[in-house]
Amino acid sequence: MVRYIFFVLLLVFLTGCVQQPNVPTDRTIVYKYKKNSNIEKIIVKNQKNYTLGKVYKVYIGMPIITETHKKELIHSINPSSIYEYKALIDIPPFIKKDKIYYLYSYDKFVPEYQYLLLGDYNVQYKRKIFVKINKNGDLIDDNIYDVFGNILIFNAINTSNNKVFETLSSKKSKYVVLKTLESFKKELLYMGLLNNNIKIVYREFYNNMIRSPFTQEVFYPFNKNKIIRYQNYKIKVLDANNEFIKYKVIED
């Protein structure tokens, strides 16, 4: 009886060690490049949903492997002089309560006034929009500004409460994404067993649009601990049926 209980507990523990790669693992690699100024930069992020050698279990229709590449235009935030601000109230359609907003630049005529970035795209004006605040996060006026400090909309905020933002001191370098310049994703989906063959579908996406010519179905004869390869990926299949596949990526 004691041996049986020990076996059950061991089985539960081992099952709990099997992960599902639903959320990308923290393998983002960031490369920074200057672009015309020391404020805006381009970064390239490479992200994978797996770690080599770890055992995963996914169900039919779920990705075995996902690899994403993004090129983004960002606004770099210097922790020594730039702060982030948390909105205390809702002011539709410009400000959302509890959202974090980032300081973008200083007023060249009145340095103690600062411009807070509300968003990189406005439907009406198709550009970045800002509000003017002081160092305490208080609104200087109710206007909406463009990137050059020109007023786009007069009295847009329309509030008697100047205390709209709470100042949060930045302790480390941060950035806000201004625009996604390019994105590419590829994935391998598990589609079950067909005549004891593992069926996998390969797909590619460019800027969130599927690339139909690069979609492919592949089949591999199934047996436990079988090694399969697609492109540069080598995968060891530990178990598979018409409900799930258990595997680990051993080479990429």
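Colleague: Which residues does threonine 68 touch, if those up to four places away in sequence are not counted?

Modeller: With those set aside, threonine 68 touches Lys45, Asn46, Gln47, Phe184 and Lys185, and please keep in mind that we are reading a predicted model. Threonine 68 itself lies in strand S4, which covers residues 63-77.

Colleague: Does threonine 68 count as buried or exposed?

Modeller: The general idea is that a residue is called buried when its relative accessible area is under 20%. Threonine 68 has 19% relative accessibility, and therefore counts as buried.

Colleague: Where is serine 183 found, and with which residues is serine 183 in contact?

Modeller: Serine 183 is found in strand S12, residues 174-194. Leaving aside neighbours within four places in sequence, serine 183 is in contact with His69, Lys70, Phe205, Tyr206, Asn207 and Asn208. Because its relative accessibility is 8%, serine 183 counts as buried.

Colleague: What is the order of the four strands in the open sheet?

Modeller: In general, the strands of a sheet pair through backbone hydrogen bonds, and this pairing is either parallel or antiparallel. Here the order is S3-S18-S17-S16, and the pairing is antiparallel. Strand S3 (55-59) and strand S16 (226-230) are the edge strands, each of which pairs on one side only. On average, neighbouring strands of this sheet are turned by 35° against each other, with direction ignored.

Technical notes. Residues numbered from 1 in each chain as written. Predicted model: local features only at pLDDT ≥ 70, side-chain atom pairs only at ≥ 80, totals over all residues. Heavy atoms only, no water. Pairing = 2+ DSSP bridges. Helix = DSSP H or I, 4+ residues; strand = E, 2+ residues; numbered from the N terminus. Axes fitted to C-alpha atoms, helices over the stretch in contact; angles between N-to-C directions. Buried < 20%, exposed > 50% of the residue type's maximum accessible area, 1.4 Å probe, protein only. Contact = heavy atoms within 4.5 Å.
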